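This report looks at how one protein chain is arranged. Please keep the sequence and the 3D view open while reading.

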Amino acid sequence: MTYLVGKDIKLVKFTDRFITAKYIDWLNDQDVNRYLFTGRIPISKEEITNRNDGNNIMFAIMCKLSADGDALVEEEFYSEFIGTISLNGIDWIIRKGEIGYMIGEKSHWGAGIATEAVKLVSDYALNRLNLHKVEAGVVEGNIGSIKVLEKNGFKEYTVIPDDYWFEGKYYGAHRFYKLQGW
Ligand SMILES: CC(C)(COP(=O)(O)OP(=O)(O)OC[C@H]1O[C@@H](n2cnc3c(N)ncnc32)[C@H](O)[C@@H]1OP(=O)(O)O)[C@@H](O)C(=O)NCCC(=O)NCCS
């Protein structure tokens, strides 16, 4: 069930069919979770719940490119599940939500996928759901993710000090936002 279509990806509703061995591997992969609040404690299939509801919208990111950047043959277009992106904690009165994303398939890092996915979901939130503001948080040092937000017109408004801890050191969290009409 296609919902949002971009140049190299499409976003479909995240349903239980995406809770596969590959997805569980991403959630337990220390590289993928380096800057995330997930992954510290091993998680199994039985512990995963689909968070889609009226205030949380989660998409599976389907890619039409193979890892080496070649377009796949037509019948395989958009066939590869490579990550997830969500709009969480939607407040329909204040009209805001928080965006979060994970490209789990590491062979696809650096190929512009997260930039495209954030564009699709922030446009969707601001222009179709009529939200006033979309926010995002990035742990200090996650350069790729900061670039993804800046390339999508998000502005940084503060750094929350000591908001994350990894291997003996505290890190700040950069807070970003984008308003409708920017
Ligand atoms: C961080 C992450 C989202 C980036 O996704 P991506 O699809 O590789 O990002 P893009 O390819 O769209 O890259 C955007 C820019 O960041 C750069 N970039 C990506 N990863 C980078 C890294 N690790 N270090 C430095 N720059 C990086 C890209 O080169 C690109 O820069 P350019 O436009 O100047 O060429 C992805 O690596 C990921 O999902 N990591 C694990 C989970 C995570 O950290 N999620 C984000 C939580 S806030």
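## The sheet

Two strands count as paired if DSSP finds at least two bridges between them. Helices (H or I, at least four residues) and strands (E, at least two) are DSSP runs, numbered from the N terminus. This is a predicted model, in which local features need pLDDT of at least 70, side-chain atom pairs count only at pLDDT 80 or more, and totals for chains, interfaces and linings use all residues. Residues are numbered from 1 along each chain as its sequence is written.

The model has an open sheet of 8 strands with mixed pairing, in the order β1-β2-β3-β4-β5-β6-β8-β7. At its edges stand β1 (2-5) and β7 (155-166); each has a single partner strand, so one side of each is left without a neighbour in the sheet. From one strand to the next, the twist averages 30°.

β1 pairs with β2 in the antiparallel sense, over 3 bridges. T2 has V12, in β2, as its bridge partner.

## The nonpolar core

A nonpolar core is a set of buried Ala, Val, Leu, Ile, Met, Phe, Trp, Tyr and Cys residues joined through C-beta atoms within 7 Å. A residue is buried if 20 or more other C-beta atoms lie within 10 Å of its own, exposed if 12 or fewer, and partly exposed in between, with C-beta atoms placed from the backbone.

The largest such core has 35 residues, and I61, I113, A117 and V121 have the most contacts inside it. Among the elements that each supply at least two residues are β3 (57-63) and α2 (113-128). α2 gives the most, with 8 residues.

Technical notes. Axes fitted to C-alpha atoms, helices over the stretch in contact; angles between N-to-C directions.
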